[in-house]
Amino acid sequence: MYMYLSLALTLAAGIGFVYGLVRFFRDESALYVRMIVFGVGCAMFGRLFATLLYLVNGDLFPGFNVGMLGIIGSFLFFFSANYGQMDSIVDDGSPRFRKTRLIALIAPLIVAALCAVIFVLYGFNEATIPFGIEALFLALASYFHLKHLIIEDVSFGLIKSIRSYNLLALVYAALCLSEVLVNGFVPALIVTVLECAVLIAFIPVLERGMKKWTT
Amino acid sequence: MDNLTYIDFICVAVSLALMLPLMEKKLRHLVVFMIVGISSCLFVSELNNIFLEMFHNEMFYVTTTITPVTEEIIKMIPILYYAIVISDDRRALIPNAFAVGVGFALLENVVILTQNVENVTIFWALVRVFGSGLVHGICTVMVGWGISYIKKRRKFFYCGTFALLSAAIIYHATYNLLVQSDYQYIGVLLPIVTYIPIILLLRKKGIKAN
């Protein structure tokens, strides 16, 4: 059953990735959006590996499996796009945005708190340590997603127009975290359905926001 | 008998190295990178043996979880070095990156051939070349191509490199997983299906300078 959930995630990420390739790789598009497309592609490859591992092995390996790198890679792409490309445009480092920077720390702190709960409940073992590593990258990316969601727009609507994308990315991060926390098939199914919806919506939502950059 | 891997390495790498003084600069770079790829394979084979012992010879686990990680990290180092120290020009980086992958696959195939010389067939050779040969090449090209984009932007560089490495590891592990399963034909098709669009795209548009 879990294999089908993994397959659904692969297909959803695949749809998002192919859509991104078609829309943003025919002409010269911003590196920002290309990195996000690669992030969705990375998620697709990670989920594909997990699906195939279910198919071939019957179950995932306990602890670390290469599929987890898909989630790590995708959040690294999102983080790189936001930190490397967008952040220097929307935040000039002035004290004006100090409050925003502090509030944005809530996102990584929530991730850290969840990690702490997991470690207290289950201890440090081969299952929880890889989750901790995954959460570290998730926390990095979520800081910028929250920051860009709440930051005052001083860049002619640049960041305001892609707030929906940043909100989706935060939701996706929360759903990825909850994968480890949920027990039983029905909660896992709900999380998967939501994740699929987010993965499919990622690129079209970003595209809709980006259209406002040129109008 | 001495270690076969080292014998294979000497036979292949030294022959190529002897050609180097006769070559022009561009071609020499390619062959140097092939030799670097061959040397990486030698190093990784020792490393993988250690991991195989560490994980009690669980071949399936090691080849789907550990070796993709070690191989891709070791193969990435020369590409990273070239991009940082020598040039990040895409027109040089992509062919050189592919040469590292091909060199790696070359020694890997020769070692497997010499270890199973009585069982190999023409079909085996075709599967190795179009399967693992292409996988190694595609993974290094993926990393080299990506690095050429992110190298100049310091904020992108560290995370972007790790993300590219993750993508290459997953691709490699997926291939290793499939070829050891009942779906090995899909595994062999995976690199071919990936390679053809890449080549068509590069032939159509050419490799643009940064």
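Helix axes here are lines fitted to C-alpha atoms, over the stretch in contact where helices are concerned, and angles between them run from 0 to 180 degrees between N-to-C directions. The structure is a predicted model, in which local features need pLDDT of at least 70, side-chain atom pairs count only at pLDDT 80 or more, and totals for chains, interfaces and linings use all residues. Residues are numbered from 1 along each chain as its sequence is written, while chains are lettered from A and ligands numbered from 1 in the order in which they are written.

Confidence comes first. The term pLDDT is the predictor's confidence in each residue, from 0 to 100. Chain A has a mean pLDDT of 88, with 99% of its residues at 70 or more. The mean for chain B is 88, and 96% of its residues reach 70 or more. Within chain A, confidence is highest in helix H1 (residues 2–24), at 92, and lowest in helix H3 (residues 68–90), at a mean of 88. For the model as a whole, ipTM is 0.83 and pTM is 0.87.

Next, chain A. Helices (H or I, at least four residues) and strands (E, at least two) are DSSP runs, numbered from the N terminus. Chain A has eight helices and zero strands. Its radius of gyration, taken over C-alpha atoms, is 17 Å, close to the 17 Å that the globule rule gives for 215 residues, so chain A is as compact as a globular protein of that length. That rule is 2.2 Å times the number of residues to the power 0.38. The C-alpha atoms of chain A fill a box of roughly 50 × 40 × 25 Å along the principal axes.

Of the 215 residues of chain A, 43% count as buried. A residue is buried if 20 or more other C-beta atoms lie within 10 Å of its own, exposed if 12 or fewer, and partly exposed in between, with C-beta atoms placed from the backbone. Two residues are in contact if their C-beta atoms, placed from the backbone, lie within 7 Å. Of the contacts in chain A with a separation of 6 or more, 78% are between residues 24 or more positions apart.

Helix H2 (residues 31–57) of chain A has 27 residues and reaches 38 Å from its first C-alpha to its last, close to the 39 Å expected at 1.5 Å a residue. The expected span is 1.5 Å times one less than the number of residues. H2(A) is mostly covered, with 20 of its 27 residues buried. After H2(A) comes A:Gly58, whose phi is positive, near 90°.

Chain B has seven helices and zero strands. Its radius of gyration is 17 Å, which agrees with the value near 17 Å for a compact globule of 210 residues. The C-alpha trace of chain B spans about 45 × 40 × 35 Å along its principal axes. In chain B, 44% of the 210 residues count as buried. Among its contacts between residues at least 6 apart in sequence, 76% join residues at least 24 apart.

Two helices of chain B show how its elements pack. The axes of helix H2 (residues 25–54) of chain B and helix H3 (residues 59–86) of chain B come within 9 Å and cross at roughly 145°. Residues making this contact include B:Phe33, B:Val36 and B:Gly37 of H2(B), and B:Val62, B:Ile66 and B:Thr67 of H3(B).

The loop between H2 and H3 of chain B holds B:His56 and B:Asn57. Phi of B:His56 is near 55°, a positive value in a residue other than glycine. Phi of B:Asn57 is likewise positive, near 55°. B:His56 counts as exposed because it has 8 C-beta neighbours inside 10 Å, and B:Asn57 is exposed with 9 other C-beta atoms within 10 Å.

Last, the two chains together. In all, 22 residues of chain B are in contact with 23 residues of chain A. On the side of chain B that touches chain A, the elements that give two or more residues are H3 and helix H6 (154–179) of chain B. H6(B) supplies the largest share of that side, 15 residues.

B:Thr65 lies in helix H3 of chain B and is buried, with 23 other C-beta atoms within 10 Å. Not counting residues up to four places away in sequence, B:Thr65 touches A:Phe61, A:Phe64, A:Asn65 and A:Val66. The C-alpha atoms of B:Thr65 and B:Leu177 are 9.2 Å apart, although 112 residues separate them along the chain.
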